[in-house]
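Here are my notes on the model, point by point. Have the coordinates open while you read.

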Amino acid sequence: MKKRIFAAFLCIVMLFASLANLSACSENSKTVMTVGDYKVSYAMLRYFVMNYMNGYENVTPEDFASNEHLQEQLYNNVISSISELATYSLLAEKHEIILTSEEKKEIKNSIKELKNSYESKKDYEKDLEANYMTEALLEEIYTLNAKCDKLYDKLADEYTGIFKSDVETIDADIEAGNFFSAEYIVFYYTDNNKEEREEVLQGLLDRSKAGEKMRDLLDEAYKTYGEHIAYELYTIFTYHEKTEIFEDTVVSLDIGSYSDVVDTGNSFIIVHRLPLDMDYIDKNYNTVIAKYLSREFFTYVEEFSNTLEVVFKEKYKDIKMWEME
């Protein structure tokens, strides 16, 4: 899967999910909620809560206790991640994904190599503890990622999979307008410089609309703002490949037109939708097929996830996540 375009997203999902999974199997764990038929333990819930809370810079538990917006963000992030875990776990079970002895051996060897990369055993164990992990949890990370690889391979197989990827299907999909091309500039901000950076990006947008190239504008701005500002060109992409807000922005534009300055939550972006490069598509048709299969896979995953109901046990219906320790 690490060779596929959706690897980063899926591996991150499975990384977080896997770390929680073995905790759910501990003797003292109690079921807090269910997602479909998947049981979620108190230990699993705690894992996600603590990691998301620790992910906020300069935000204390007291801040969470007094800020309903932070509480809502925490709840939504935790439930979303747990639901993704449940989805992939249930799909692997549904499609009878089983690892071979050789695959299990490779997992153990990967963990051994990771362990040996530390200067000492103490450093290795300290790092595990700091991330709420044990060596057993690490093994589960690799195990679930391997199962997810096999899940994709099974569903996307050219002959026995559930997705068609013949030339006629792909060409029709391109013709239907399900692939896009765009360039954009992203400018990261903080609360202290948000207004100023929005004005700077608006100026770059105005100049781009007037005919200056985005790439050249970025080179100029980079001299002042460094890594806080960046340019990207996506020659071809499809749904479920980029962030939702970026995809929505591109889809809303006519070919050749520019977006307004868009606030993503931690950055501003300006987007220029481009026509598809058919020569590029012809020369990189296998890449197009891979992108198509990725989209079909994630669409299938999303549709399955939407059928799963999240239900808290009566005892935990009013649990305050930000008070967990």
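1. A cut-off to start with: a residue counts as buried when its relative accessible area is under 20%, as exposed when over 50%, and as partly exposed in between. Phe 64 comes out at 0% relative accessibility, so it is buried. Bear in mind that this is a predicted model.

2. Staying with Phe 64, have a look at its ring partner, Tyr 56. The two ring centres are 5.3 Å apart and the planes stand at 90°, which makes this pair edge-to-face. The structure holds 16 aromatic pairs.

3. Another pair worth a look is Tyr 75 with Phe 312, and this one is stacked, with 6.5 Å from centre to centre and 25° between the planes. Tyr 75 belongs to helix H4 and Phe 312 to strand S7 (residues 310-312), so to speak two distant parts of the chain, 237 residues apart, linked by the pair.

4. S5 is joined to strand S6 (residues 267-274) in the antiparallel sense over 2 bridges, and Asp 263 has Phe 268 of S6 as its bridge partner.

5. What packs on this sheet?

6. Val 261 is in the loop between H11 and S5. Its relative accessible area is 16%, so Val 261 is buried. Leaving out neighbours within four places in sequence, Val 261 touches Glu 198, Leu 201, Gln 202, Leu 205, Phe 268, Ile 269 and Ile 270. For a C-alpha distance, take Val 261 and Leu 204: they are 9.9 Å apart in space and 57 residues apart in sequence.

7. On to the nonpolar cores. The largest has 51 residues, and Ile 82 and Phe 297 are the ones that touch the most other members. Strand S1 (31-35), strand S2 (38-41), helix H2 (42-54), helix H4 (68-94), H7, H8 and helix H13 (285-305) each give two or more residues to this core. H4 supplies the largest share, 11 residues. Another core, of 16 residues, lies apart from it and includes Leu 201, Leu 217, Ile 229 and Ile 270. Leu 201 and Ile 270 are also among the contacts of Val 261.

8. Ser 165 deserves a quick check. It is placed in the loop between helix H7 (135-156) and helix H8 (167-175). Is Ser 165 buried or exposed? With a relative accessible area of 17%, Ser 165 is buried. Not counting residues up to four places away in sequence, Ser 165 touches Ile 170, Ile 289, Tyr 292 and Leu 293.

9. Last, more on the rings. Phe 180, Tyr 184, Tyr 234, Phe 237, Tyr 239 and Phe 246 form one aromatic cluster. Lys 242 lies over the face of Tyr 234, one of the cluster members, at 3.8 Å from the ring centre. Arg 295 lies over the face of Phe 179, at 5.8 Å from the ring centre.

Conventions. Residues numbered from 1 in each chain as written. Predicted model: local features only at pLDDT ≥ 70, side-chain atom pairs only at ≥ 80, totals over all residues. Heavy atoms only, no water. Helix = DSSP H or I, 4+ residues; strand = E, 2+ residues; numbered from the N terminus. Buried < 20%, exposed > 50% of the residue type's maximum accessible area, 1.4 Å probe, protein only. Contact = heavy atoms within 4.5 Å. Pairing = 2+ DSSP bridges. Core = buried A, V, L, I, M, F, W, Y, C linked by side-chain atoms within 4.5 Å. Phe/Tyr/Trp six-rings, centres within 6.5 Å; stacked < 30°, edge-to-face > 60°. Lys NZ or Arg CZ within 6 Å of the ring centre and 35° of its normal.
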